[in-house]
Amino acid sequence: MLKYKCLVLDHDDTVVQSMKTMSYPFFLYGLNIFRPGQTISFEDYVRDCHHYGFVELCRMRFGYTEEELSREHDMWMDYVLGHTPDPYPGICEVIRRQKAEGGLVCVVSHSRVDNILRDYRAHIGFDPDRIYGCELPEAQRKPNPYPLQDIMKRYHLSCEDLLVVDDMKLSCKMAAPLGVKTAYAGWNGLNVPEVDEEMSRLCDYSFSTVEELSRFLFDG
């Protein structure tokens, strides 16, 4: 019997490895265009994404205008079309087992739906049951609870049926008002102790490896 009827997975740096190899280098590239001479360390980039989210990092730390945010987004979309990130070892097997045992897999992410579909088809072999990506209006993206509310309504589930797995705390803000359990994807290797400590404290569960998550879900 499944422990959770529905796994609600973040995508970047939870299922696929993107921040170190894709998003941070690309952000520096864009920053050099929009704010020549300014920079940010990898640790500060991770920390600010964690605390505020990427869009607010751009607004608060570098004063991006809405037009610049739109241009940055378009540049990023063009970039990711030619770059498919690798999955974390073992996570594809977790997702496949969840489905094989009759469970649901939904994705709540700030990535585009077509990029998430590309990664699932390339690495896992099937599409998620539902995807809530950046195409949603900003008011319906995480940390807004809307994606979880829609999942529960659509599939006739209770809060106890869902587990949210994410590497950033926007998921905690999304899940807390509904009483949905959260798990920290601590296997991402970003190595920012402040983030690890806060996520371990905020989440109901914390896993340092994908194997720990798998044992929790399926072995007991």
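This is a predicted model: local features need pLDDT of at least 70, side-chain atom pairs count only at pLDDT 80 or more; totals for chains, interfaces and linings use all residues.

User: Let's begin with the whole chain. How many helices and strands does the chain have?

Analyst: There are 10 helices and six strands. Along the principal axes, the C-alpha trace spans about 55 × 35 × 30 Å. For 220 residues a compact globule would have a radius of gyration near 17 Å, and the chain's 17 Å therefore agrees with that expectation.

User: Now the sheet. In what order do the strands lie?

Analyst: In general, strands of a sheet pair through backbone hydrogen bonds, either parallel or antiparallel. Here six strands make an open sheet in the order 3-2-1-4-5-6, with parallel pairing. Strand 3 (130-132) and strand 6 (205-207) are at the edges; each has a single partner strand, so one side of each is left without a neighbour in the sheet. On average, neighbouring strands are turned by 20 degrees against each other, direction ignored.

User: Can we zoom in on one pair? Which residue is the bridge partner of Val8 in strand 4?

Analyst: That partner is Val164. Strand 1 (residues 6-9) and strand 4 (residues 162-166) run parallel and are joined by four bridges.

User: Which strands does helix 7 lie across, and which does helix 9 touch?

Analyst: Helix 7 (residues 146-155) lies across strand 1, strand 2 (104-108), strand 3 and strand 4, and runs at about 160 degrees to strand 3. Helix 9 (residues 193-202) also packs on the sheet, where it touches strand 4, strand 5 (181-185) and strand 6. The direction of helix 9 makes about 160 degrees with that of strand 5.

User: And how do I read helices packed on each other?

Analyst: Two packed helices are described by the angle between their axes and the distance between the axes. Take helix 1 (residues 19-34) and helix 4 (residues 66-81): their axes are 11 Å apart, at an angle of about 135 degrees. Helix 1 is therefore oblique to helix 4. The crossing of helix 1 past helix 4 is right-handed. Among the residues in contact are Phe26, Phe27 and Ile33 of helix 1, with Met75, Trp76 and Val80 of helix 4. By class, this contact has 10 nonpolar, three polar and three charged residues.

User: What about helix 5 and helix 10: at what angle do their axes cross?

Analyst: The axes of helix 5 (residues 91-100) and helix 10 (residues 210-218) cross at roughly 15 degrees and come within 9 Å. Angles under 35 degrees count as roughly parallel, so helix 5 and helix 10 are roughly parallel to each other. Helix 5 passes helix 10 in a left-handed crossing. Ile91, Val94, Arg97 and Gln98 of helix 5 make the contact with Val210, Leu213, Ser214, Leu217 and Phe218 of helix 10. These residues divide into six nonpolar, two polar and one charged.

User: Last, the backbone. Which residues does the cis peptide bond join, and where does Asp13 lie?

Analyst: As a rule, most residues other than glycine have a negative phi, and most peptide bonds are trans. In this model a cis peptide bond joins Lys142 and Pro143, with omega about 15 degrees. Pro143 sits in the loop between strand 3 and helix 7. Asp13 is in the loop between strand 1 and helix 1, and its phi is near 65 degrees, a positive value in a residue other than glycine.

Note on methods: Residues are numbered from 1 along each chain as its sequence is written. Side-chain values use heavy atoms; hydrogens and water are left out. Axes are lines fitted to C-alpha atoms, for helices over the stretch in contact, and angles run from 0 to 180 degrees between N-to-C directions. Helices (H or I, at least four residues) and strands (E, at least two) are DSSP runs, numbered from the N terminus. Angles under 35 degrees count as roughly parallel, over 145 as roughly antiparallel, 65 to 115 as roughly perpendicular and the rest as oblique. A crossing is left-handed if the near helix is turned anticlockwise from the far one by less than a right angle, and right-handed if clockwise. Contact means heavy atoms within 4.5 Å. Ala, Val, Leu, Ile, Met, Phe, Trp, Tyr, Cys and Pro count as nonpolar, Asp, Glu, Lys and Arg as charged, and the others, Gly among them, as polar. Two strands pair if DSSP finds at least two bridges between them. The radius of gyration is taken over C-alpha atoms; the globule rule is 2.2 Å times the number of residues to the power 0.38.
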